[in-house]
Structure formats: C-alpha cells, structure tokens
Amino acid sequence: MISAAGVTLRVGKKALFEDVNIKFTEGNCYGLIGANGAGKSTFLKILSGQIEPTNGSVVMTEGQRMSYLQQDHFKYDEYMVLDTVIMGNARLYEIMKEKDAIYMKEKFTEEDGMKASELEAEFADMDGWNAESDAATLLNGLGIETDLHYKMMKDMDGAQKVKVLLAQALFGNPDILLLDEPTNHLDLDAIAWLEEFLINFENTVIVVSHDRYFLNKVCTHIADIDYGKIQLYAGNYDFWYESSQLLIRQMKEANKKKEEKIKELQEFISRFSANASKSKQATSRKKALEKIELDEIRPSSRKYPYIAFKPNREIGNEVLTVDGISKTIDGVKVLDDISFTIQREDKVAFVGGNELAKTTLFQILMGEMEPDEGTYKWGVTTTQAYFPKDSGKEFSRSEPIVDWLMQYSDEKDVTYVRGFLGRMLFSGEDGMKDVTVLSGGEKVRCLLSKMMISGANVLVMDEPTNHLDMESITALNNGMIKFPGAMLFSSRDHQIVQTTANRIMEIVPGGKMIDKITTYDEYLESDEMARKRQTYTFENEE
C-alpha cells in the first residue's frame with residue numbers, strides 16, 4: 001500500500017496539488033488521468049520521492065519495494081542489457097556485485113568468508129539464483145531477443161532501450177509499480193504482453209497513459225486529477241468517462257427540481273405573507289426554503305471541444321483512383337506500384353511503422369509532391385480537407401487566429417468564423433492570439449477548425465492526435481465516427497483506428513501495400529507480423 005496524506009505542491013504562487021489524500025492498495029491498477037498540465041507525471045514523482053511536496057507526506061508500507069519506469073534513455077549506456085534489467089532491484093544487484101568483488105580477491109580472509117555467507121543467504125532469500133532467467137523472460141516477452149541480452153545499452157536503438165527500461169521497472173516483482181507512458185514507442189505485440197503482465201500482477205500499479213485502449217484493458221480504478229485534487233473511481237477509463245458524465249447530469253437534474261421547488265415556495269410566500277390566516281404557512285415555507293441547498297456543480301477543468309465535419313455537398317460514387325504510384329526518397333523506395341480505389345463509404349486507416357511512406361502518399365494525393373511513376377484522380381463530386389503531419393508552414397505568417405481561419409471560410413463573417421473557433425475552445429480573446437505563438441495542441445485545434453469550416457466531403461488526416469490531450473482525442477474520435485463522407489487517415493491511437501476504419505491499408509518496408517476490408521483488431525489477429533510493425537507513440541504537452 002502507498003498513500004498520500006495532505007499532499008500540497010506549490011510551484012511559485014500556483015498550487016498544483018492542494019491537500020491531496022488518497023490511498024492505493026494491493027491488487028489494483030490505478031490509471032492516473034487529468035488534463036494536460038494537471039500534474040500527472042509530477043504526482044508520480046512525488047510518490048517515488050523524486051519531488052518533495054510543499055506540505056504533507058507519502059507513506060509506504062514498511063519493507064515494501066517501489067519500482068518506476070526510468071525516462072532517461074542514456075543513464076545505463078555503460079551497462080550490459082541484462083545487468084540494466086536486474087538493477088531494477090537495486091539491493092539484489094548490489095549483493096551480486098559485492099559477492100563478485102569478494103570472490104575475486106586474491107587473499108580471501110575469514111571475515112570475507114563470513115560476509116560472503118551473509119550475502120549468499122540474503123541473495124537466496126531474494127531468489128537471486130533466478131535473477132538472470134527472470135530478466136531474460138521479461139526481455140523476451142517485450143521482444144528483445146536473447147542475442148541482445150549481453151550487448152551494451154549504448155549499442156541498442158531507442159525503441160530497444162525503452163523496452164529494456166520497462167523490463168527493469170517490472171523486474172523482481174516490486175510491491176508498488178509506477179509507470180509513466182509505458183506504451184510509448186512499443187510495438188503492439190509488446191503492448192499486448194505488457195497488458196497481460198499487468199492484468200496478472202498481484203501488487204499495486206499506478207500508471208499514466210494517454211492510450212485509452214490500454215487504460216481500458218488494465219485499470220481497475222481511475223484516479224482523476226482536477227482542481228488540484230484527486231478523485232478515485234472504480235472501473236476502467238470508459239467507465240470513469242460515462243459515470244462522471246452521468247454524475248454531472250444527475251446533479252443538474254436534482255438542481256432543476258430544487259430550483260422548481262424554490263420558485264414554488266417563493267411564489268407562495270409572496271402571495272400570502274401579508275395574509276394573517278396564511279402567515280403561519282408562509283413562515284413554515286420560509287424555513288423550508290432556507291433549508292434547500294443547491295449542489296455546487298463545479299465544471300471540470302477539462303474542456304471537450306466539439307468536433308463535427310459536415311460536408312457541404314453529398315459525395316458521389318467515384319471518390320479516388322490511384323494507379324501504379326511509386327516514389328523514391330534519398331535512394332529508398334518508399335512507395336512501390338501502389339494502386340487502389342476509394343468508394344464513398346470507405347474510411348481507410350493507413351497503419352504500420354512506415355510513417356514516411358504514409359506521409360509521402362498523402363502529400364502526393366494532396367498535390368504537394370509529384371510521384372516518380374503512376375497517377376491519381378479525384379472524383380468530380382469530391383472536395384478534400386487535409387491535415388498534414390508537419391503544419392509549420394501553415395502558421396509561419398504573423399496574424400490573429402480569427403484572420404487565419406477567415407481565409408479558409410466561404411462566409412466572410414467574423415461571428416460565423418468565431419463560432420468554429422469556439423467549438424475548438426478558442427473563445428473570446430483567445431481568437432485574437434497570434435498563430436506564430438500557438439502551442440502544438442492549439443495548432444492542431446486550429447487545423448481541425450479549418451477542416452470543419454471547409455465543408456469537405458473527403459478528409460485526409462496524417463496523425464491528427466499528435467499533441468492532443470485525451471479530451472480532444474475523444475472529441476475527434478466521435479467526429480470521425482459520425483463523418484458521413486470518405487476518409488483516409490493515419491493514427492497511432494488504437495481506439496480511433498478500431499472504432500473509425502472499415503478498411504485497413506499498410507505500406508510495408510520496400511513500399512508494397514497490404515489492403516484489406518476489415519477492422520483494425522481483425523487485421524492484427526489475421527497477421528502476426530503486422531503486430532510487430534505497429535508502434536504506439538503519443539506526443540503530448542504536459
């Protein structure tokens with residue numbers, strides 16, 4: 001068990017956390033959620049002792065061991081992979097090294113013998129003889145092959161290092177496990193293995209993740225950070241979302257009934273307070289009125305944008321024909337004889353780790369790049385809206401957001417344009433922000449406003465969830481599901497792909513394409529190698 005008692009953290013004048021009291025117990029997996037900037041990663045650092053709270057304390061059951069996922073990918077460059085994993089249990093690793101040092105001595109004293117004996121007993125108690133095989137099992141489960149276990153960490157690539165550090169956090173059955181974005185840069189096979197590991201893990205897990213699909217799989221509870229407090233809910237992420245929305249609706253309904261009762265009592269009092277025969281009743285109603293308290297409905301600090309793509313005209317049967325497109329970039333063939341036809345009801349997800357190929361194809365289809373070979377043709381009834389992966393040039397000129405969006409609107413009316421910005425949480429003065437100073441998340445919301453105002457009946461979207469918080473991802477997911485036109489998109493968000501796409505395309509290394517009319521989960525089930533080619537990465541701004 002680990003608990004926070006009266007934890008407050010002040011950063012300057014701002015209180016990030018205020019008098020937080022929460023208990024995390026054995027056998028449960030807690031998903032720590034909150035708006036960007038709410039302090040999810042910071043709270044994990046408070047629990048792990050990396051940050052001292054301004055007030056309050058963190059209490060852990062005596063004798064228990066905590067493990068957390070390291071974020072510094074270069075910290076262990078001078079260590080062997082297997083040793084790095086075993087270092088997840090610092091005391092066990094220390095004993096191993098101490099034993100080795102004693103046994104390597106040229107002059108072995110009686111005192112050395114006694115010390116070695118003590119260390120051997122402690123080593124056995126900690127199941128030290130199985131340490132290497134346990135570490136190897138974790139590494140293999142995460143997709144690090146046995147021949148890499150004895151390599152130096154500095155010789156591993158970024159994705160492999162992530163897996164080794166995750167194995168380190170999981171090693172030795174820690175009593176409390178803290179994980180910050182553990183699915184980042186993992187392939188889907190590794191994520192599936194991690195999900196199974198955490199589901200079967202019998203101790204305490206606290207995890208921060210923007211992967212809704214992952215949170216739904218592993219969490220028994222959701223710890224929601226809002227207004228510097230943390231509220232605990234039983235159930236996974238979807239259950240939290242539905243129950244929190246239901247709670248607000250119920251409070252609003254209860255307040256509505258109370259307001260009606262107040263109005264009724266006030267009318268009676270005003271009508272009969274001057275009437276002697278009714279004065280007693282009026283007095284009793286005054287007392288009843290004083291006792292009625294409206295529930296305070298504090299709106300969440302989270303804000304959900306409203307995303308709805310509404311085409312100005314209905315799309316025809318012929319949407320897009322691609323015939324034999326090939327493209328070589330820097331001597332590497334990224335597209336090789338790509339051909340396909342898009343119909344009016346197709347929502348196509350481009351998946352897999354070959355991100356350059358996806359972006360190149362989208363740029364060709366949107367006229368930003370010429371193919372080396374092949375042709376494409378859009379249907380005469382189609383109008384396209386494009387979300388580029390790199391939007392830098394869209395915001396290179398200094399101008400207010402409202403003027404930036406006005407240029408893409410057929411209706412040159414400020415109120416009309418501001419309506420689209422308001423849906424994307426740019427209300428009031430926010431609409432006058434200069435586009436050159438916007439954060440990554442704000443730029444994404446601007447681009448989505450541009451797509452909505454266009455009235456296009458075909459959407460082409462290249463990783464639109466990058467930089468978005470979970471609230472915006474949920475809103476985008478809903479908007480994509482409801483869109484009545486054709487769609488070509490790429491996204492690392494498993495839930496968006498699974499709930500939106502009815503057709504899956506994957507451009508594999510070498511530039512060839514797999515094209516299947518199926519859902520994402522069915523596609524992954526049918527092709528074991530496809531799971532290894534899909535990598536989940538989330539880019540967000542804390």
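This is a predicted model: local features need pLDDT of at least 70, side-chain atom pairs count only at pLDDT 80 or more; totals for chains, interfaces and linings use all residues.
**From one buried leucine to the whole fold**

Leu 142 sits in the loop between α5 (131–141) and α6. Is Leu 142 buried or exposed? Its relative accessibility is 1%. Buried means under 20%, so Leu 142 counts as buried. Which residues does Leu 142 touch, once neighbours within four places in sequence are set aside? Its contacts are Lys 163, Leu 166, Ala 167, Ala 190 and Trp 193. Lys 13 is another matter. Leu 142 and Lys 13 are 129 residues apart in sequence, and their C-alpha atoms are 43 Å apart in space.

Now step back to the whole protein. It has 18 helices and 20 strands. The C-alpha trace spans about 105 × 85 × 45 Å along its principal axes. There are 542 residues, and 49% of them count as buried. Take the contacts between residues at least 6 apart in sequence: 68% of these join residues at least 24 apart. The accessible surface comes to about 26300 Å². Carbon and sulfur atoms account for 49% of that surface. The protein carries 64 positive and 88 negative charges. The mean positions of the two sets lie 10 Å apart.

Next, helix α1, residues 40–48. Of its 9 residues, 7 are buried, so the helix is largely enclosed by the rest of the structure. Which residues of α1 are buried? They are Lys 40, Ser 41, Phe 43, Leu 44, Ile 46, Leu 47 and Ser 48. Just after α1 comes Gly 49, with a positive phi of about 85°.

Helix α4 covers residues 110–125, and Asp 112 lies in it. This aspartate counts as buried because its relative accessibility is 9%. Beyond its neighbours within four places in sequence, Asp 112 is in contact with Ile 102, Lys 105 and Lys 107.

Two loops call for a look at the backbone. Most residues other than glycine have a negative phi. Asn 173 is not a glycine, yet its phi is positive, at about 50°. It is found in the loop between α6 (158–170) and β6 (176–180). Asn 173 counts as exposed, because its relative accessibility is 53%. Tyr 227 is not a glycine either, and its phi is also positive, at about 55°. Its loop runs between β9 (221–226) and β10 (229–234). Tyr 227 has 36% relative accessibility and therefore counts as partly exposed.

Last, the empty space inside. Rolling a probe the size of a water molecule over the atoms shows where such space is left. How many cavities of 30 Å³ or more does the structure hold? It holds 1. The largest cavity has a volume of about 140 Å³. Its lining is made up of 16 residues. Ser 491, Arg 492, Tyr 520, Gln 534 and Thr 535 are the ones nearest its centre. Which helices and strands each supply at least two residues of this lining? They are β13 (347–351), α11 (355–365), α16 (494–500) and β20 (535–536).

Note on methods. Residues are numbered from 1 along each chain as its sequence is written. Side-chain values use heavy atoms; hydrogens and water are left out. Helices (H or I, at least four residues) and strands (E, at least two) are DSSP runs, numbered from the N terminus. Buried means under 20% relative accessible area, exposed over 50%, partly exposed in between (1.4 Å probe, protein chains only). Contact means heavy atoms within 4.5 Å. Accessible areas come from the Shrake-Rupley method with a 1.4 Å probe; for residues, only the protein chains shown count as cover. Lys and Arg count as positive and Asp and Glu as negative; His and the chain ends are not counted. The place of a charge is taken as NZ of Lys, CZ of Arg, CG of Asp or CD of Glu. On a 1 Å grid over the protein atoms alone, a cavity is a set of points where a 1.4 Å probe fits but cannot get out, and a pocket is an open set with protein on both sides within 12 Å along at least five of seven lines; lining residues have an atom within 4 Å of a point. Grid points are joined across faces, edges and corners, and a volume is the space filled by probe spheres set on the points.
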